Amino acid sequence: MKKYKNFNFIMGVILTGLVVLIAIIGCFYTPYDPDAMDAVAKNSGISMDHWMGCDNFGRDIFSRIMEGIRNTFLISLFTVAIGTIVGVLIGAVTGYFGGWLDEILMRINDALFAFPSVLLALVVISLLGTGMFRVTLALGIAFIPSFARIVRSEIKKQVTQDYVESAKLMGAGNFRIIFVHILPNILPVLLSSIMIGFNNAVLAEAGLSYLGIGVQPPDASLGRMLSEAQSFLFSMPWYALFPGTVIVIMVLGFALMAEGITQAQMK
Amino acid sequence: MKVKYYCKKFIAMLLTLLAVSFFVFAAFEIIPGDPATSILGTNATKESVQALREEMGLNAPFLSRYFSWVLSCCKGDFGISYSYHIPVREMIADKLPITLTMTVLAMLMTMIVSVLLGVFLAKHTRSVWDKCGYVVNQIAMAIPAFFLGILFTYLFGLILKWFTPGGYISYQKNFVGFLGYLIMPSIAIAIPKCAMSVKLLRSSILTEAGKDYVRTAYSRGNSTSQVLYRHVLKNAMIPVITFWGMALADMSAGSIVVEQVFNIPGLGRILLSSISNRDYPVVEAVIVLIAFLVVITNFLVDLLYRKMDHRMQDGEDLK
């Protein structure tokens, strides 16, 4: 951890830590029930009782943001997990063994790469339907090609190195070489692309939920709150401002961490 | 040899297009539900459903249906919409220019602004400008385009009243007014991509500036700006152009979301309403169109790449 001691990484860790903390607290405690409607507090502004005011149904915006962060965070986490695990497997196998399997899988990958990830997720959603679980699956599938591509090119670079040769001479099996010898060496690259992937997942999820085909009500989501807030932009601009800013902080945190890792690598 | 390279790239592009269309077709093939039933409604008799299936060619084997679909797509016939019962082409034809104009506007802004800013920041490294630029850049990269759109609507639409939020002028009526309404959405799409490309160009120029040929160019008596514009920029642009190719793809998808923010009736709205109506021919057509746009752009970027980087040899890709 010591080598990552640069400004970007530390700022990133602080911002991300803040968001993660709120997400964890949001799992157990929110000031109000995020779905509880309070007719008296409808459209109320910022006050001591409601830190960020209430929406048009009288739901506490702060509580909903806490739930929204949690949902967005979990969706992005699982999305990246699906993308990374499947992507690493495909990338490792194709990059290490090469041959016709590599050729075929990479052609498929190229074709999939032609779909921007939001579009690919849209296809999967139109096939599977909406909701938190399906959105995660859709985004996860949409993220596989980019991870596969990165891992493949990194492994290709490593395969010709001497240490791989000597591991082979020592009689190590192919999978041992891939996962025990090569993978640790590409970890920094993988780590920073995981963080960038996480950001893309946050943005994609927010975009899909904004369009109304991501997280479905009553589940709170930052993107959905933004689309709900748009009708009240004139009377209560803060309703849009808070969830939007939270998205920016979330993305910024991970981007800075990724930046820090890359910087530490270059030294 | 040159012709051979272009042919090879062209064939690879055609294969990718074929694969893309196959994916889309196959994906919509596996969903449960019968198109004939969805057109006729659940009350239709078995005979009429069967007759329509025969007429639509749904009883043919999968591959032959795929190829006839591809052929008719090439002719510009994307089938008939399930929910509106009109040819998909008519639905898309006047919407495509809207999305395309927006994407192209955003792309042009990104290209112009990012080159100017990138060169400026690279020239003034370690200055106050550079540090401010870095912070602004990092934040700009983190803002989703649709949130920027909402901020613009509030600031420029509601407070400054530069444009009517949700307003739109059709391009057939008044092209200048139409462009006026597309400027804000295009800026919203462009800013995050622009920030990324400024950052990339700045670091790419700085990397290039440390190379030997730069020293040679200086020693031959060139001034800093001569070295920068005639030598360094040419090479520094290569990774940036690759990025632009990918950014264009993201922008065309991002415009779907931003269109909703500004209430612009482009491809995005059609795509969304068809997804919720399960109007698959329309979804297929829009997705295939966007994917084709991306593949063709990447092909053009590849060609441009080769023109710019003379180190690239036949059949060898520098990655």
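Reply: In this predicted model, E154(A) and K157(A) both belong to helix α5 (residues 132-159) of chain A, and because they are three residues apart there, about one helical turn separates them. Their side chains form a salt bridge in which the closest N and O atoms are 3.1 Å apart.

R70(A) and E67(A) lie three residues apart in helix α2 (residues 61-97), so about one helical turn separates them. Their side chains meet in a salt bridge with an N to O distance of 3.8 Å. E67(A) is buried, with a relative accessible area of 8%.

On chain B, a salt bridge links D250(B) with K193(B), and its closest N and O atoms are 3.1 Å apart. D250(B) lies in helix α11 (residues 224-262) and K193(B) in helix α9 (residues 175-209), so this pair ties together parts of chain B that are 57 residues apart in sequence. D250(B) counts as partly exposed at 35% relative accessibility, while K193(B) counts as buried at 14%.

Salt bridges can also share partners: D102(A), R152(A) and K156(A) are joined in this way into one network. Over all chains, the count comes to eleven salt bridges.

Definitions and conventions
Residues numbered from 1 in each chain as written. Chains lettered and ligands numbered in written order. Predicted model: local features only at pLDDT ≥ 70, side-chain atom pairs only at ≥ 80, totals over all residues. Heavy atoms only, no water. Salt bridge = Lys/Arg side-chain N within 4 Å of Asp/Glu carboxyl O. Helix = DSSP H or I, 4+ residues; strand = E, 2+ residues; numbered from the N terminus. Buried < 20%, exposed > 50% of the residue type's maximum accessible area, 1.4 Å probe, protein only.
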